[in-house]
Amino acid sequence: MEIAEIRKLITENPFEWFVPEDKMVVIRIESETKSAGGIIIPDSVQEKPHKGVIIALGPDITTNEAGLKKANCQYAVGDFIIFGKYAGTELRLDCLGQKNVEVMLMRLTDYMIGQKWDRNAKQQ
């Protein structure tokens, strides 16, 4: 899934998760299937992307004045993050109105860098 598609699903399908205290749930963002030169990269040689969007946070969180949940990791649901190759545990869940979605359960400290989601900005 693309970032804009995930964020749209988050907005349209609110849900409540019971995530362990220091964890977050992330959906990976699909990697490009074509190289810069236009060569199609087969699935068998593609590495899974190391980037995603946070869809749920554990109870180690606070809620800001806008009602958005915010973790001590400084990020909130809908924010984009980049994480390490061996970070988290892969799971398949029915969530965001979709069936059998591949998600990552990872510690709040497993991300390397992130970008906040400006809900007021025009979607990508």
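Questions about a predicted chain

Leu96 sits in the loop that joins β6 and β7. The model is a predicted one.

Me: Why is Leu96 called buried?
Reply: Buried means under 20% relative accessible area. Leu96 has a relative accessible area of 4%, so Leu96 counts as buried.

Me: What makes the phi of Leu96 worth a remark?
Reply: The phi of Leu96 is positive, about 55 degrees, although Leu96 is not a glycine. Leu96 belongs to the hairpin of β6 and β7, where two residues lie between the strands.

Me: How do you know that β6 and β7 pair?
Reply: Two strands pair if at least two bridges are found between them. Strand β6, residues 89–95, and strand β7, residues 98–107, have six bridges, so they count as paired. The sense of the pairing is antiparallel. Within it, Thr89 stands opposite Leu105 of β7.

Me: Why is Asn100 called partly exposed?
Reply: Under 20% is buried, over 50% is exposed, and partly exposed is in between. The relative accessibility of Asn100 is 46%, so Asn100 is partly exposed.

Me: What makes up the protein chain in terms of helices and strands?
Reply: The chain has one helix and eight strands. Along the sequence the pattern reads α-β-β-β-β-β-β-β-β.

Me: Which residues of helix α1 are buried?
Reply: In α1, which spans residues 3–12, the buried residues are Ile3, Ile6, Arg7, Leu9 and Ile10.

Me: Why are the buried residues of α1 said to line one face of the helix?
Reply: Viewed down the axis of α1, the buried residues fall within an arc of 160 degrees, so they line one face.

Me: What covers the buried residues of α1?
Reply: The cover includes β1 (23–28), β2 (51–57), β5 (80–83), β7 and β8 (111–115).

Me: Why is Met112 called exposed?
Reply: Exposed means over 50% relative accessible area. Met112 has a relative accessibility of 59%, so Met112 is exposed. This residue is found in strand β8.

Me: Which residues make a nonpolar surface patch with Met112?
Reply: Ile82 and Ile113 make the patch together with Met112, and its area is about 290 Å².

Me: Why is Gly84 called buried?
Reply: The limit for buried is under 20%. Gly84 has a relative accessible area of 19%, so Gly84 is buried. Its place is in the loop between β5 and β6.

Me: What does Gly84 touch, leaving out residues up to four places away in sequence?
Reply: Gly84 touches His50, Asp110 and Met112. Contact here means heavy atoms within 4.5 Å.

Me: How many residues lie between Gly84 and Lys51 in sequence terms, and what is the C-alpha to C-alpha distance?
Reply: Gly84 and Lys51 are 33 residues apart in sequence, and their C-alpha atoms are 8.7 Å apart in space.

Me: What share of contacts in the chain joins residues at least 24 apart?
Reply: Among contacts between residues at least 6 apart in sequence, the share is 67%.

Me: What share of the chain is buried, and what is the accessible surface of the chain?
Reply: Buried residues make up 35% of the 124 residues. The accessible surface comes to about 8000 Å², and carbon and sulfur atoms account for 52% of that surface.

Technical notes: Residues numbered from 1 in each chain as written. Predicted model: local features only at pLDDT ≥ 70, side-chain atom pairs only at ≥ 80, totals over all residues. Heavy atoms only, no water. Helix = DSSP H or I, 4+ residues; strand = E, 2+ residues; numbered from the N terminus. Buried < 20%, exposed > 50% of the residue type's maximum accessible area, 1.4 Å probe, protein only. Areas by Shrake-Rupley, 256 points an atom, 1.4 Å probe, with all protein chains shown as cover. Arc of directions from axis to C-beta. Patch = residues over 30% accessible without salt bridge, like charges linked within 9 Å, V, L, I, M, F, W, Y side chains within 5 Å. Salt bridge = Lys/Arg side-chain N within 4 Å of Asp/Glu carboxyl O.
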